[in-house]
Amino acid sequence: GDAYHEDGRLKDAVEYWKKLVETIPEAGYLVFDKLEKSLFELGEYGDITEIYENLLSRNQKNVTALFYLARINEKKGYLETAVDHYRQILDTDPDYSAARLSLATLHLASGHQEEAMDLLENLMQSFPPARKEFTCQRCGHKSTEPLWKCPACKEWNSFNI
């Protein structure tokens, strides 16, 4: 598909990517952006919705296809539908941070600050705590605390403090 696209053969590229999505739906996310862009360039942008809906009819838990469908609805101004899709995603996969962020953004835009803040707070809590790691420049020994003397090679002042 990429080779066809490079040659300016957009219809062939789209057909190839559609076959990929049909054959290996779980890998469809690899070409969703390319499909959207190429269909837009061909003036057939409406076809992308059909592709996502077809994938979802075969597997309702395909959160990536649902996310892309939600984005399309958001771009079209169907905000309630987009919100419903983002909520569906989070019901299926509560850790899908892109859906959480998109939903928070929609809530902020529609004046629902409290819902947006709850989503953003939850999103921030899902991030792992920042850990600083210090490495001995001589032997590569790692420590979570800054050390003046390396316990491995006994070198002084060798950590990247």
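Is Tyr-68 buried or exposed? Tyr-68 is buried, with a relative accessible area of 10%; buried means under 20% relative accessible area, exposed over 50%, and partly exposed in between (1.4 Å probe, protein chains only).

The views below show a predicted model, in which local features need pLDDT of at least 70 and side-chain atom pairs count only at pLDDT 80 or more, while totals for chains, interfaces and linings use all residues. Residues are numbered from 1 along each chain as its sequence is written, and side-chain values use heavy atoms, with hydrogens and water left out.

**View A. The ring pair of Tyr-4 and Tyr-16 is edge-to-face.** Rings of Phe, Tyr and Trp (its six-membered ring) pair if their centres lie within 6.5 Å; planes under 30 degrees apart count as stacked, over 60 as edge-to-face and the rest as tilted. By this rule the structure holds 8 aromatic pairs. In the pair shown, the ring centres are 6.5 Å apart and the planes stand at 75°. Tyr-4 belongs to helix H1 (residues 2–6) and Tyr-16 to helix H2 (residues 10–23), 12 residues apart. Helices (H or I, at least four residues) and strands (E, at least two) are DSSP runs, numbered from the N terminus. Tyr-4 is partly exposed at 29% relative accessibility, and Tyr-16 is partly exposed at 47%.

**View B. Tyr-52 and Tyr-68 form a tilted pair.** Their ring centres are 5.9 Å apart, with the planes at 45°. The pair ties helix H4 (residues 47–58), which holds Tyr-52, to helix H5 (residues 63–76), which holds Tyr-68, across 16 residues of sequence. Tyr-52 is buried, at 0% relative accessibility.

**View C. Cys-150 is in no disulfide.** A disulfide is a pair of cysteine sulfur atoms within 2.5 Å, and a search of the whole structure finds 0 of them. The cysteine sulfur nearest to that of Cys-150 belongs to Cys-139, 3.6 Å away. For Cys-153, the closest cysteine sulfur is in Cys-150, at 3.7 Å, too far for a bond. Cys-150 is buried, with a relative accessible area of 1%.

**View D. Lys-154 has a positive phi although it is not a glycine.** The angle is about 65°. Lys-154 is found in the segment after strand E2 (142–143) and is partly exposed at 48% relative accessibility. Asn-157 lies in the segment after E2 and has a positive phi near 50°. Asn-157 is exposed, with a relative accessible area of 57%.
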